[in-house]
Protein chains: 2
Amino acid sequence: MAKLDFSPIADTTRRAEIVALLRRATLTGQLEPGQKLNELRISEQMRVSRAPLREAMRELVQEGILTSIPYAGTFVIEVTAKDIIDAYSLNKVLDEFAIEQTWPQRDQRFFNELDRRHEAVKQATRAMDTTRQIETALQLHGLIYEWADNSVLLETWQRLTSRLQMYFALHQRARNEPVPAEDVHETYVALMKGSDMGAAQRHAREHIDLDFEELLAYARSLEKRTSKN
Amino acid sequence: MAKLDFSPIADTTRRAEIVALLRRATLTGQLEPGQKLNELRISEQMRVSRAPLREAMRELVQEGILTSIPYAGTFVIEVTAKDIIDAYSLNKVLDEFAIEQTWPQRDQRFFNELDRRHEAVKQATRAMDTTRQIETALQLHGLIYEWADNSVLLETWQRLTSRLQMYFALHQRARNEPVPAEDVHETYVALMKGSDMGAAQRHAREHIDLDFEELLAYARSLEKRTSKN
DNA sequence: GACAAACAGATTGTCGACAATCTAACAAGC
DNA sequence: GCTTGTTAGATTGTCGACAATCTGTTTGTC
């Protein structure tokens, strides 16, 4: 018999599709922080009843990108400077751990996947597709978490990365500038292929710090405005 | 005018109460790993319709203690030896970070709270209330996360601690032995009050390793059995 | 007897309607 | 004018019923 691995077929519930739609809308910044999600309006737009929509919202609330107040409504989370700082400082710690766990497990498949994802970032950059650029960069970064073979760690990172994606998207939207064309991931990929784990860990920290500064500037600008809905 | 801080009033939705009930049932081991949650049966027992029950279940699925398969059902997560290893190795990393963040923020209120929680553990131990003993021990442990002033970190730990609580509860249930009467937290509390941060971090690691060994033995025994529902 | 198709029962997913609650505008009393 | 009570509209929370899907059994065919 032929040795063939089938991947699980897609979830075919309305709920799952709604989750995907809302998540994407939130993470790309189409839904603004603090914005209220009107159940009736959204359910009519999606041609769906409120039941699966509400269940989808509960999921996203637990995922940390929506927040819910009983009898008041469900809102996109607000973004503060402190949130960004917190997320990044935790990300540093997790990165160091993920690299440590992944390091001895690196093999040819890992390197190939690393190159593939790196290529995806470069392609999105050339196409000036900022949304996709953020997505692919985070996916490149996430490989060490997938390879670390620790399901709790992976889960944790996925929650964290949701927020990071949202922060980056908001940042991009706010500054409205073209994306840097240079390849900031070249060194990272090279180090992950090398033999000096400490160097890779250190670079991950510094690399993060780089973008972090830009994000922080954006966060501080948010602090100055009064919150709106 | 008197200076009085009011805390937010409790959520009064059925959903929130259902979540609390189901979470407790799962974490104390009343619901066994792999067990299916029949919506109709549970909703009738709770005298509630399926809508808020299903929403509650979605939350717990995202919380990581239930798992859902479309059109098949929602189940309590299975516990494998690897899950326990993964959770603990991540916990070590987070502990080290939490202590680092908390360290400079320690004040009298922190020490008082530390003592209060330590006392709660001792009381539960004296009362031979194993469930409460697990709860209070984790709460004692969680103080450094509350004090670290990093909301993402706290959230992460709360998700992780849910699982740890479940693992410990299952372990206790399985061995069916009286709890050790000795106070294993004395040293930890003393170190958290001291001035050597490195020592506190090291102890946190080793202290965890201690209970870890017991848990692992339990996990391995699980591996040998075939899964049931 | 082995296999596949059809069926029945149970369970999950979704819907539309109703109840509970909130918000804002307005009126009443001091 | 300011506060308090009332009301109307909108929105969220909950319910009961129906549709879609799965699972195990039975039936029919070879």
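**Figure 1. How β1 and β3 of chain B sit side by side.** β1(B) and β3(B) run antiparallel and are joined by two bridges; strands here are DSSP runs (E, at least two residues) and helices are DSSP runs too (H or I, at least four residues), numbered from the N terminus. Two strands count as paired if DSSP finds at least two bridges between them. Look for B:Lys36, whose bridge partner in β3(B) is B:Phe75. This is a predicted model, where local features need pLDDT of at least 70, side-chain atom pairs count only at pLDDT 80 or more, and totals for chains, interfaces and linings use all residues. Residues are numbered from 1 along each chain as its sequence is written, chains are lettered from A and ligands numbered from 1 in the order in which they are written, and side-chain values use heavy atoms, with hydrogens and water left out.

**Figure 2. The hairpin and the whole sheet of chain B.** Strand β2 (residues 66-69) of chain B runs antiparallel to strand β3 (residues 73-76) of chain B, and four bridges join the two. Together β2(B) and β3(B) make a hairpin with three residues between them. In that turn, B:Tyr71 has a positive phi of about 65°. Step back and you get an open sheet of three strands in chain B, in the order β1-β3-β2, with antiparallel pairing. Its edge strands are β1 and β2 of chain B, each pairing on one side only. In a regular strand the side chains alternate between the two faces of the sheet.

**Figure 3. Where chain B meets chain A.** Here 31 residues of chain B are in contact with 31 residues of chain A, contact meaning heavy atoms within 4.5 Å. Chain B and chain A bury about 2900 Å² between them, and carbon and sulfur atoms give 55% of that. Buried area is the accessible area (1.4 Å probe) that two parts lose on being put together, summed over both. B:Arg58, B:Gln62 and B:Val152 supply 18% of the area that chain B buries against chain A, more than any other three residues.

Figure 4. The rule finds ten salt bridges across the interface of chain B and chain A; a salt bridge is a side-chain nitrogen of Lys or Arg within 4 Å of a carboxyl oxygen of Asp or Glu. One of them joins the side chains of B:Lys82 and A:Asp149 (3.8 Å, N to O). There are also 16 residue pairs in polar contact between chain B and chain A, both residues at pLDDT 80 or more. A polar contact is a pair of N or O atoms within 3.5 Å; within protein, one must be able to donate a hydrogen and the other to accept it, and residues adjacent in sequence count only if both atoms are side-chain atoms. On the side of chain B that touches chain A, the elements giving two or more residues are α3 (50-63), α4 (81-102) and α7 (151-175) of chain B. α4(B) gives the most, with nine residues.

**Figure 5. Protein around DNA strand C.** Of the 20 residues around DNA strand C, the ones that come nearest are A:Arg14, A:Ser49, B:Asn38, B:Arg50 and B:Arg54; a residue is near a strand if one of its heavy atoms lies within 4 Å of it. Sugar and phosphate make up 74% of the atoms of DNA strand C that come within 4 Å of the protein. A polar backbone atom of A:Arg14 is 2.4 Å from a phosphate oxygen of DNA strand C.

**Figure 6. Protein around DNA strand D.** DNA strand D is surrounded by 20 residues, and the closest are A:Asn38, A:Arg50, A:Arg54, B:Arg14 and B:Ser49. A polar side-chain atom of A:Arg58 lies 3.4 Å from a phosphate oxygen of DNA strand D. A:Tyr71 uses a polar backbone atom, 3.4 Å from a sugar or linking oxygen of DNA strand D. A:Arg54 also forms a salt bridge with A:Glu39, with the closest N and O atoms 2.9 Å apart.
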